[in-house]
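Biologist: I would like a close look at one part of this chain. Please walk me through it, then carry on to whatever connects with it.

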Amino acid sequence: MKEHIEVKVMLLEVDIEERNRLIGKNLRKYRLLKGMTQDELAEGLCSVSQLSKVENGKTYGNRTLLRQMAQRLGVSVERIEAVDPLLEEMTESLRLAKDATVTNNYPMAIELVREVAVKSREFGYPDLLIEAVLQQCRLLVLMRDYQAAIRLAADSLAEGIAQKKVQEVRLQYELGQAYQMAGNVIAAYDAYTRADESFDSSEEAHDDDVLLPILFNLAQCHFFMRNYRTALRYAEKAELYATRLTKYMFRIRLTYMKAGYLDMLGESEKAEGIYLETLREVKDNKLLFDEALILNSLAMLYKKRREFGQAVTHLRRSIQLLELLQDDQYLCNAYLDGAAIHLEMQEFSTSHEYVDKAFEVGRKMGLNTYREKAKVLHLHGQLKRAQGDFAGYAEDLEQALAILDQHHVLLEAHELAVEMAEAFDEAGDSRALEMYRKATAYHKRSLEFGMRR
């Protein structure tokens with residue numbers, strides 16, 4: 001009986017010692033986090049030597065003293081006594097940041113994640129640091145500060161803050177997202193490919209939930225790079241993952257993305273069938289955004305067939321939905337598609353109206369809308385040429401080319417340079433030779449970025 005009591009007393013002593021160490025460690029963490037010296041925290045409450053003993057776990061500060069110190073540090077006494085209060089606090093901050101993101105309160109969200117990044121770096125929480133950086137990258141993209149997102153992701157990869165391979169893959173994905181939204185498809189492709197290669201080379205990195213969006217975006221990149229058959233292959237692979245993971249939105253979007261790739265491969269009727277079938281599905285599920293995109297895609301399919309009545313009808317319905325949804329980026333592109341359709345129909349005044357609408361929406365979007373600006377200038381120039389103003393055409397297209405060149409949108413720059421060279425050549429303009437040289441240089445640069453697959 002006596003031995004049993006002695007064992008209980010020993011266990012109690014061990015528990016008290018561990019509790020004292022925990023409180024002391026937490027107290028020191030929050031003091032340093034607050035930027036306070038021991039003198040500043042102890043002033044009027046206790047001696048510095050007593051505070052030092054508490055922080056070193058050698059003695060227990062009574063509850064009243066702890067409450068006073070906690071109040072001075074701006075935290076609850078429960079945080080001082082918790083197993084890892086800072087971890088709980090930072091985890092809660094990341095949750096709050098996600099909630100703020102959902103409600104489009106981006107300034108609050110980014111302030112929270114930046115604070116977590118600073119704290120987790122200072123006090124050695126590598127997993128929280130990477131989560132904070134990933135969340136910050138996504139927020140910067142949502143805020144259209146693409147260059148800041150690119151710098152953050154690239155610097156984090158160079159610094160090697162990822163402790164696990166899957167974290168490195170997720171950083172590569174965020175880098176790809178930032179590049180893609182910034183209009184640099186080649187650099188985005190490179191980042192996504194690196195992420196995809198990490199999955200192939202490392203079992204530890206494999207995570208189907210992360211792999212799915214990488215495959216999705218690789219399909220898009222190959223489409224923009226005019227590698228339609230490869231784009232279709234990636235879309236089909238991603239569709240299998242989406243079905244297996246029951247990711248409905250990914251699956252539905254991959255289905256109508258495939259239709260677009262089939263259309264570019266010359267299988268127009270097959271593409272139309274997929275579009276119409278998927279359109280019925282999204283209507284049944286009241287997915288207005290996806291309905292708008294499918295209608296827009298159908299409009300451009302009918303334009304290629306010169307079925308202009310169908311093209312105009314589908315485009316108008318698409319624009320009505322996008323105006324309702326107030327999605328400026330897609331609305332701007334829909335207006336530009338409308339301008340292209342009516343230009344081909346030689347309805348110049350209607351085409352001009354759509355160009356003006358696209359210009360206004362692009363102006364309202366503000367920063368990082370250079371791809372839209374280049375498209376507006378391109379169509380505006382084509383309108384001028386159709387109406388006999390070749391000088392105005394050349395001026396608008398030169399401005400558009402300068403925008404694409406500045407932001408490394410190489411494939412579109414190459415196509416635009418070819419169009420201009422052919423137009424100059426046809427007009428007997430001496431600028432034709434120089435523009436052919438530019439087109440060749442853009443093509444060479446795009447190949448140098450490495451279409452490895």
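Biologist: How far apart are the end C-alpha atoms of H6, and what should its 18 residues span at 1.5 Å a residue?

Modeller: Bear in mind that this is a predicted model. The end C-alpha atoms of H6 are 26 Å apart. At 1.5 Å a residue, the 18 residues of H6 should span 26 Å, so the two values agree.

Next, the buried side of the account. H6 has these buried residues: Pro85, Leu86, Glu89, Met90, Ser93, Leu94, Ala97, Ala100 and Thr101. Glu89 is among them, and Glu counts as charged. Ser93 and Thr101 are also on that list.

Now step past the end of the helix. Just after H6 comes Asn104, with a positive phi of about 65°. Most residues other than glycine have a negative phi. Asn104 is not a glycine, yet its phi is positive. Asn104 sits in the loop that links helix H6 (85-102) to helix H7 (106-123). Its relative accessible area is 53%. Exposed means over 50%, so Asn104 counts as exposed.

Another loop residue bears comparison. Arg306 also is not a glycine and has a positive phi, about 65°. Arg306 lies in the loop between helix H16 (288-304) and H17. Its relative accessibility is 49%, so Arg306 counts as partly exposed.

H17 itself covers residues 308-325, and Ser318 lies in it. Ser318 has 0% relative accessibility, so it counts as buried. Leaving out residues up to four places away in sequence, Ser318 touches Ala292, Leu295 and Asn296.

Helix H8 (residues 126-142) and helix H10 (residues 165-182) have axes that come within 10 Å and cross at roughly 15°. Angles under 35 degrees count as roughly parallel, and H8 and H10 are therefore roughly parallel to each other. The crossing of H8 past H10 is left-handed. From H8, the contact uses Asp127, Ile130, Glu131, Val133, Leu134, Cys137, Arg138 and Val141. From H10, Gln167, Arg170, Leu171, Glu174, Ala178 and Met181 take part. By type, the residues of this contact are eight nonpolar, one polar and five charged.

Terms used:
Residues numbered from 1 in each chain as written. Predicted model: local features only at pLDDT ≥ 70, side-chain atom pairs only at ≥ 80, totals over all residues. Heavy atoms only, no water. Helix = DSSP H or I, 4+ residues; strand = E, 2+ residues; numbered from the N terminus. Buried < 20%, exposed > 50% of the residue type's maximum accessible area, 1.4 Å probe, protein only. Contact = heavy atoms within 4.5 Å. Axes fitted to C-alpha atoms, helices over the stretch in contact; angles between N-to-C directions. Parallel < 35°, antiparallel > 145°, perpendicular 65-115°, else oblique. Left-handed = near helix turned anticlockwise from the far one by under 90°. Expected span 1.5 Å × (residues − 1).
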